[in-house]
Amino acid sequence: AEGATKTTTTMDFRQPTITAFKMAAIIYLTDELIDDSAFDLVNVLVRRFADRIAQEEDKVIINGAGTTQPTGIFVNSSVGARVCSGNLDFDDVIDRVYDLPSKYRVNGRFIVNPENVRELRKLKDTNGRYLWQDSVQQGQPATMLGYPVTETYHAPVGQIAFGDLKTAYWLGDRQKMTVKITNDTETTFTQDKTAIRVVERIGGDVVVAVAVKKLTTIP
């Protein structure tokens, strides 16, 4: 009210712990192989390592065990789960979407194993219209109920996640991918080899659990 004294606002904080884990790979190439290659073999291998590390990041963010790797979205126990009512149907998907607070639905996205896509593509609303909509633009994902769908074999079969993943999951890059190319080890020096070593340290976990939900036990 006009002239009223304002009260003090309070706020609670918690401190989530995100443990970093290391991904690494080492390969030895003979100097003859490098010299005789018709292209920059070392550069090609470094790019391949970067591609595989990116794939591993996707894997652990989605389904990492949390012991020797980051904890994945489907593994974190704080992520709310709704059990499928039986065979996957229209109501299951609707309920899963609207279990999420509206502010997190704005940037919502489905994560689905391709094994479950067949069922999703057959789902229809009460007017007989398919929920699944293929993209009409190359490079863009299909959508369901207007939300993009990410298909990945890293997601468990029989489960679907939906939510604002950028808000829910925090990925901590402790050490970006570093590359060391050397001839200075005993093995490389005595056997005329070149060693390529790549290392990356990352941590990750669901920090805002209310921003993502799961649908589980899909037959």
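1. In this predicted model, the buried residues of helix 5 pack against helix 3 (90–98) and a set of strands: strand 3 (109–112), strand 4 (132–133), strand 5 (143–144), strand 6 (147–151) and strand 7 (160–163).

2. The buried positions in helix 5 (residues 114–122) are Asn116, Val117 and Leu120. They lie on the same side of helix 5, because the arc they cover around the axis is only 120°. An α-helix has 3.6 residues a turn, so residues three or four places apart point the same way. Glu115, Arg118 and Lys122 are exposed and sit on the face of helix 5 turned away from its buried side.

3. At the N-terminal end, helix 5 is capped by Asn113, with a side-chain oxygen of Asn113 2.8 Å from the backbone nitrogen of Glu115.

4. The open sheet has 7 strands in the order 2-10-7-3-6-5-4, and its pairing is mixed. Strand 2 (80–83) and strand 4 are the edge strands, each pairing on one side only. Helix 5 packs on this sheet, where it touches strand 3, strand 4, strand 5, strand 6 and strand 7. The direction of helix 5 makes about 120° with that of strand 3.

5. Strand 7 and strand 10 (residues 212–216) run antiparallel and are joined by 4 bridges. Opposite Val212 in strand 10 stands Gly163.

6. Gln15 counts as exposed because its relative accessible area is 74%, against a cut-off of over 50%. The C-alpha atoms of Gln15 and Val207 are separated by 9.6 Å, although the two residues are 192 residues apart along the chain.

Key
Residues are numbered from 1 along each chain as its sequence is written. This is a predicted model: local features need pLDDT of at least 70, side-chain atom pairs count only at pLDDT 80 or more; totals for chains, interfaces and linings use all residues. Side-chain values use heavy atoms; hydrogens and water are left out. Buried means under 20% relative accessible area, exposed over 50%, partly exposed in between (1.4 Å probe, protein chains only). Helices (H or I, at least four residues) and strands (E, at least two) are DSSP runs, numbered from the N terminus. The arc is that of the directions from the helix axis to the C-beta atoms. Contact means heavy atoms within 4.5 Å. A polar contact is a pair of N or O atoms within 3.5 Å; within protein, one must be able to donate a hydrogen and the other to accept it, and residues adjacent in sequence count only if both atoms are side-chain atoms. Two strands pair if DSSP finds at least two bridges between them. Axes are lines fitted to C-alpha atoms, for helices over the stretch in contact, and angles run from 0 to 180 degrees between N-to-C directions.
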